[in-house]
Amino acid sequence: MNLFDAAYQCLMEPDLSEKVSQLAQLQVDWSEKRFTFEPTATIEKVPDAGRPARPELVPPKSLPKRRLGSREGHAALMHSIAHIEFNAVNLALDAVYRFQDMPYAYYQDWLGVAGEEAYHFQIVREHLAHLGYEYGDFPAHNGLWVTTFETDHDPLVRMAMVPRTLEARGLDVTPPMMRKLRSMGDKRGVEILKILLRDEIGHVEVGTRWYRYLCEQRGLNPFTTFTDLIGEYFHGDLRGPFNFDARKEAGFSDEEIAWLRQVDEQAAAQRVPNGA
């Protein structure tokens, strides 16, 4: 079987259960070395990966604000996490399918990431059901996939912008979400987020490793290239607070950490009223 054809089929599958089943089979086939690696005749652009008809996708600013202390607000938070994890399955599959001239270990890494993201989606979905809701019951936005689509021309740009920027943001926001869930008495939700944080550090590290590999291949400075790409591709303002310990564990360099600290300090200074 051709790895890239199999990854594309799974990527475009809209049914949740079938996508998970295909991914599990894909990983079995990988472990038993059944794949060939011939590049496909064409590499399709994917403006929208396979997903169910719901949730309804809306612009981020159109998402309704819900009070976290309410049952609906609690469920909406878990739904947003489920949506991120579902999108992350697709972006990992796309990383396998789209960039067909990478080393063997690259595909092994991203298939592993896809499997862990599918597990994350399933445990968050189960917890959402425990709260009385299903995936699709709330609207969601498609920002993660938009950036995935915009970076489909270059694996270096993809590694910089998706795992090292958008997914790394999850390292920053997960601890505050854990504190909120803990204050609500949602022990299972806290345990789930602990699993997600642990694994996402590894996923960002995978992106970091392959980003640095590509920089080395092209003779590029990883730090200046990263900051240049942020300026070119990132939508909005990069702002903290940042989880510096988790980012360090995920492979961010001392130079990158120092730069993020400066970004955080500048943003904090702008929030202070004049004369304060």
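Is Lys33 buried or exposed? In this predicted model, where local features need pLDDT of at least 70, side-chain atom pairs count only at pLDDT 80 or more, and totals for chains, interfaces and linings use all residues, Lys33 counts as exposed because its relative accessibility is 64%, given that exposed means over 50% relative accessible area, buried under 20% and partly exposed in between (1.4 Å probe, protein chains only). Residues are numbered from 1 along each chain as its sequence is written, and side-chain values use heavy atoms, with hydrogens and water left out.

Lys33 is found in the loop between H2 and H3, where helices are DSSP runs (H or I, at least four residues) numbered from the N terminus. Although Lys33 is not a glycine, its phi is positive, at about 55°. The loop between H2 and H3 also holds Pro55, and the peptide bond that leads from Arg54 to Pro55 is cis, with omega near 15°. A cis peptide bond also joins Gly240 and Pro241, with omega about 5°, and Pro241 is found in the loop between H8 and H9.

The nonpolar interior was described through cores, a nonpolar core being a set of buried Ala, Val, Leu, Ile, Met, Phe, Trp, Tyr and Cys residues joined through side-chain atoms within 4.5 Å. The largest nonpolar core has 60 residues, and those with the most contacts inside it are Leu3, Tyr106, Tyr107, Trp110, Tyr211 and Leu229. A second, separate core comprises 23 residues, among them Leu128, Met177, Met178 and Leu196. With contact taken as heavy atoms within 4.5 Å, and with residues up to four places away in sequence not counted, Leu3 touches Leu26, Trp30, Phe35, Thr36, Phe37, Val96, Tyr107 and Leu111.

Cysteines were examined separately. Cys10 is buried, with a relative accessible area of 0%, and for Cys215 the relative accessible area is 0%, so that Cys215 is buried. A search of the whole structure finds zero disulfides, a disulfide being a pair of cysteine sulfur atoms within 2.5 Å.

Arg247, which is found in helix H9 (residues 244-249), counts as buried because its relative accessibility is 3%. Not counting residues up to four places away in sequence, Arg247 touches Arg164, Ala168, Arg169, Leu171, Asp172, Phe242, Phe252, Ile257 and Leu260. Asn90, placed in helix H3, is buried, with a relative accessible area of 2%. When its neighbours within four places in sequence are left aside, Asn90 is in contact with Leu11, Lys19, Ala49, Gly50 and Trp145. The C-alpha atoms of Asn90 and Glu72, which are 18 residues apart along the chain, are separated by 27 Å. By contrast, Ser17, which lies in helix H2, is exposed, with a relative accessible area of 52%. Between Ser17 and Ala168, 151 residues apart along the chain, the C-alpha atoms are separated by 27 Å.

Grid points are joined across faces, edges and corners, and a volume is the space filled by probe spheres set on the points.

The structure holds four cavities of 30 Å³ or more, and about 50 Å³ of space lies in the largest cavity. The lining of the largest cavity consists of Leu16, Lys19, Val20, Leu23, Phe86, Val89, Ala118 and Phe121, and the elements that give two or more residues to this lining are helix H2 (16-31), helix H3 (71-98) and helix H4 (104-130). The largest share, four residues, comes from H2. By class, the lining of the largest cavity divides into seven nonpolar, no polar and one charged, where Ala, Val, Leu, Ile, Met, Phe, Trp, Tyr, Cys and Pro count as nonpolar, Asp, Glu, Lys and Arg as charged, and the others, Gly among them, as polar.

The second largest pocket has a volume of about 250 Å³. Of the 12 residues that line this pocket, the closest to its centre are Asp237, Leu238, Arg239, Ala267 and Gln270. Helix H8 (222-233) and helix H10 (254-271) each supply at least two residues of the lining of the second largest pocket, and H10 gives the most, with five residues.

Definitions and conventions. 1 Å grid on protein atoms, 1.4 Å probe; cavity = no way out; pocket = protein on both sides within 12 Å on 5 of 7 lines; lining within 4 Å.
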